[in-house]
Amino acid sequence: MSCRSLVLRRSFSVIPAAACALLWSVGDARRPAQVCAAEGQPAADISVLSPITWLLKPVETLNAGATIEAEMKPYTQKIIGTDVSFDMVPIPGGTFMMGSPEDEADRKEDEGPQFKATVEPFWMGKCEVTWEEYELWGMGLDKQFRKVTGGKFTEWDTLADAITVPTKPYADMSFGMGKDKTPAICMTQLGAKMYCKWLSAKTGYYYRLPTEAEWEYACRAGTTTAFSFGDDPADLDDYGWHYGNSDDKYQKVGQKKPNPWGLYDMHGNVAEWVLDQYTSDGYAQFTGKSIKNPIIMPKKIDPRVVRGGSWFDDADRARSAARVGSTLEWKAQDPQIPQSVWYLTDAEWVGFRVVRPLNPPTAQEAMKYDIDEEQKTSMIEYREMRGAVE
């Protein structure tokens, strides 16, 4: 059963419109010097600027520091001021054939033609981002915890508080599937990107979504087979959650076997946002080329790529090369006018995981990975149409 042919089986109760007022955080007088206005100039809204331009020093984190690939180690990132943490896995740089060969079973035309892609080393989340992590930002729980406990403000907190947060959700975005160590779902790509921006502010490390090439490279983990464990979809039960074994819902992260590089749920559970625009002709623009750090820059909101298949998909959609493009139908039940830039009412199979490059980009290079002009425009227009006041 494909994401593209979803027949919605869940419904939600609408929260009163008054609860949907947009929360637009713009910081306060405690904002660090990096983002304060220059004399005579307006203060910058860091939500629309790349973290590279305003990152603080990193929060001290064991094994997170490295200057060369050989120094990279797995590490656990604790989110300062909370009890929440997540694990990051080092991914060596390298070159691979991206896409699927023409003779691969269940192959789709948008998975080719294959081309040679090179990616630089990075860390990747061992698991998909969970509700415990996501709602610290998305539901403002980080701020609420500090308010209730009287927790001490740090410079990282002050910076993170200046990041835009979503409107309050108008439904239970877990659709009754639970939030205990399960992947966060139903966010737009903008929502996933903004969480990464908030996480960068909270940690001092530059986190972002993976490119499509980085995602497939990490998923394959040095393999050339349809899945990282081989070619037989019957073996997927050992490695991922799909339509045949998921009990009609997503599952807690990290329960199945990892791929050869130690990443869990790369096949199934929830499909994962990557940065690229979806193109129906696949990688035609890269035919016959060897590309370093390839990315298809988005020029419109839809379609954008999700990878990995999900609990609602048949096993073949969890292959390493399988890809899906987002559509407006993923917001079909959204009752708002205008429809939300933050939530997907009809994509309860979509989540994401984070990466952190060994070598952070320059400010100019970082523009490729940050909120793009289409997203920036839609976010600002949505704020204005919802009647928000800065």
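How many aromatic pairs does the structure hold? The count is 22 aromatic pairs. The model is predicted.

1. **The chain overall.** The protein chain has 390 residues, and buried residues make up 56% of them. Its secondary structure comes to 7 helices and 11 strands.

2. Look for 4 strands in the order 9-8-6-10. They form an open sheet, and the pairing is mixed. Which strands stand at the edges? Strand 9 (323–325) and strand 10 (350–351) do. Each has a single partner strand, so one side of each is left without a neighbour in the sheet.

3. **How strand 8 pairs.** Strand 8 covers residues 304–307. Val 306 has Val 324 of strand 9 as its bridge partner.

4. **A strand covered on both faces.** In a regular strand the side chains alternate between the two faces of the sheet. In strand 8, Arg 304 and Val 306 lie on one side. Val 305 and Arg 307 lie on the other. Are these four residues buried or exposed? They are all buried, and both faces of the strand are covered.

5. **Arg 323.** This residue lies in strand 9. Arg 323 has a relative accessible area of 0%, so it counts as buried. Its side chain makes a polar contact of 3.2 Å with the side chain of Tyr 283.

6. **Aromatic rings.** A pair of aromatic rings is described by the distance of the centres and the angle of the planes. Phe 227 and Phe 229 form a stacked pair. Their centres are 4.8 Å apart, with 15° between the planes. Both of these residues are buried. Elsewhere, one aromatic cluster is formed by Trp 131, Tyr 134, Trp 137, Tyr 195, Trp 198, Trp 342 and Phe 352.

7. **Charges over rings.** Which ring has the charged end of Arg 146 over it? It is the ring of Phe 153, with the charged end 4.7 Å from the ring centre. Arg 208 is placed in a like way over Tyr 369. Its charged end sits 4.1 Å from the centre of that ring.

8. **Helix 1.** Why is helix 1 (residues 131–138) described as largely enclosed by the rest of the structure? It is because 7 of its 8 residues are buried. The buried ones are Trp 131, Glu 133, Tyr 134, Glu 135, Leu 136, Trp 137 and Gly 138. Trp 131, Tyr 134 and Trp 137 also belong to the aromatic cluster of point 6. The cover over the buried residues includes strand 2, helix 2 (141–149) and helix 4. Gly 140 follows the helix, and its phi is positive, near 70°.

9. **Ser 85.** Ser 85 is in strand 2 (residues 85–91). Its relative accessible area is 38%, so it is partly exposed. Ser 85 and Glu 132 are 47 residues apart in sequence. In space, their C-alpha atoms are 9.0 Å apart. Leaving out residues up to four places away in sequence, Ser 85 touches Thr 76, Gln 77, Lys 78 and Glu 133.

10. **Asp 157.** Asp 157 belongs to helix 3 (residues 155–160). It counts as buried because its relative accessibility is 1%. What joins the side chains of Asp 157 and Lys 202? A polar contact of 2.6 Å does. With residues up to four places away in sequence left out, Asp 157 touches Ile 80, Asp 142, Arg 146, Lys 152 and Lys 202. Among them, Arg 146 is the residue with its charged end over Phe 153.

Conventions
Residues are numbered from 1 along each chain as its sequence is written. This is a predicted model: local features need pLDDT of at least 70, side-chain atom pairs count only at pLDDT 80 or more; totals for chains, interfaces and linings use all residues. Side-chain values use heavy atoms; hydrogens and water are left out. Two strands pair if DSSP finds at least two bridges between them. Helices (H or I, at least four residues) and strands (E, at least two) are DSSP runs, numbered from the N terminus. Buried means under 20% relative accessible area, exposed over 50%, partly exposed in between (1.4 Å probe, protein chains only). Rings of Phe, Tyr and Trp (its six-membered ring) pair if their centres lie within 6.5 Å; planes under 30 degrees apart count as stacked, over 60 as edge-to-face and the rest as tilted. A charge sits over a ring if NZ of Lys or CZ of Arg is within 6 Å of the ring centre and within 35 degrees of the ring normal. A polar contact is a pair of N or O atoms within 3.5 Å; within protein, one must be able to donate a hydrogen and the other to accept it, and residues adjacent in sequence count only if both atoms are side-chain atoms. Contact means heavy atoms within 4.5 Å.
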